[in-house]
Amino acid sequence: MNHSVHSVCSQLDGYTICFDSTDHPFYHSSQPTLIDGVSDPILTLAGPILAYWTLSLFFHYLDTAEWKWFEKYRIHESAEIQSKNLVSRTQVVWAVIFQQIVQTVLGIFWLSDDSHGDYVQGLHHIAQYLAVIMRILGTEREAQLLPMVTYAVYWWVIPTLQLLLAMFVIDTWQYFLHRAMHDNKWLYRHFHSWHHRLYVPYAYGALYNHPVEGFLLDSVGAVIAESVTRMNSRQALLLFVVSTLKTVDDHCGYRLPFDPLQIITSNNADYHDIHHQIIGIKSNFSQPFFIHWDSILGTRMTRQELESRKRRD
């Protein structure tokens, strides 16, 4: 589909700055939808579900493949899943499907189709503020630098900050709600104890929760993060897919030194597995991205500390 190129110019302190509809990076698509025939909000809702089951089934294949060379990466022996978990795999699957139905219905009412706004006007809007800042700083070659700085801020700095802020919001929401469900016996007994029926986590059990907890912890938290950061639906798609993949990976049951999702942050499968053990159940509440709240508030437990307490006990 061909899109006409349009340019918008404005006067800033005696010089002209122009941007046109081709001024965008490789990751941006000017198409009205990323996939023909599928609206961006629908794709934003479907993407995390596809990501969840794709990665979960991959780890399930590893669980059942019985590759001897791969056994060294398991956190627990495969027999422990059958002997220690208190819920069947069928019950887990149906509970996860129900939660995904609920989050899809919520998203249908919440998400709007706002991915293809007039970014040329947005560039000029940012340029006006940057021009004032550069003037105050007395920047030389302002006329030459302003278009490049505006482009970098609009297309790279702001989206990156939005993503990081959204991750922080989700981490904060989940940490304090998750911790509250452990500190309050009534909340734990009626809601969060569902998730801890999986003493030995596995990938597609990542979203095995009581429906109320699943709605509050995952669905509402994602809505808050998307709203606070003012993401469009395509940005939300990236956030939701990454957070879903991270959540599945954190419950995969493998300590994988070559897994990028386990390398980029200390909050990984090994870290979260500690929380599922009896000794570590009051520790490692952080999920899914970083561990700053555990570190700051003194609820972090390392694998070495867990093993040391096991030996003492």
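Predicted model: local features only at pLDDT ≥ 70, side-chain atom pairs only at ≥ 80, totals over all residues.
Who's touching whom? On the helix 3 side you'll find Phe 98, Gln 99, Val 102, Gln 103, Leu 106 and Trp 110, and they meet a set in helix 7 that includes Phe 215, Asp 218 and Val 223. Sort that contact by class and you get 7 nonpolar, 5 polar and 2 charged residues.

Now, helix 3 also packs with helix 1, at an angle of about 160° and with the axes 9 Å apart. Since angles over 145 degrees count as roughly antiparallel, that's what we call helix 1 relative to helix 3. Helix 1 brings Leu 45, Ile 49, Tyr 52, Trp 53 and His 60 to the contact, while helix 3 supplies, among them, Val 93, Ile 97 and Gln 103.

On to the rings! How many aromatic pairs does a search of the whole structure find? It turns up 23. Take Phe 168 and Trp 293: their ring centres sit 6.1 Å apart with the planes at 40°, so we call the pair tilted. Phe 168 is in helix 5 and Trp 293 in helix 11, 125 residues apart. Phe 168 is partly exposed, at 39% relative accessibility, but Trp 293 is buried, at 17%.

Then there's Trp 194 with Tyr 208, a stacked pair, 6.0 Å centre to centre and 20° between the planes. Both lie in the loop between helix 6 and helix 7. Tyr 208 is buried, at 2% relative accessibility, and Trp 194 is partly exposed, at 24%.

Key: Residues numbered from 1 in each chain as written. Heavy atoms only, no water. Axes fitted to C-alpha atoms, helices over the stretch in contact; angles between N-to-C directions. Helix = DSSP H or I, 4+ residues; strand = E, 2+ residues; numbered from the N terminus. Parallel < 35°, antiparallel > 145°, perpendicular 65-115°, else oblique. Contact = heavy atoms within 4.5 Å. Nonpolar A, V, L, I, M, F, W, Y, C, P; charged D, E, K, R; others polar. Phe/Tyr/Trp six-rings, centres within 6.5 Å; stacked < 30°, edge-to-face > 60°. Buried < 20%, exposed > 50% of the residue type's maximum accessible area, 1.4 Å probe, protein only.
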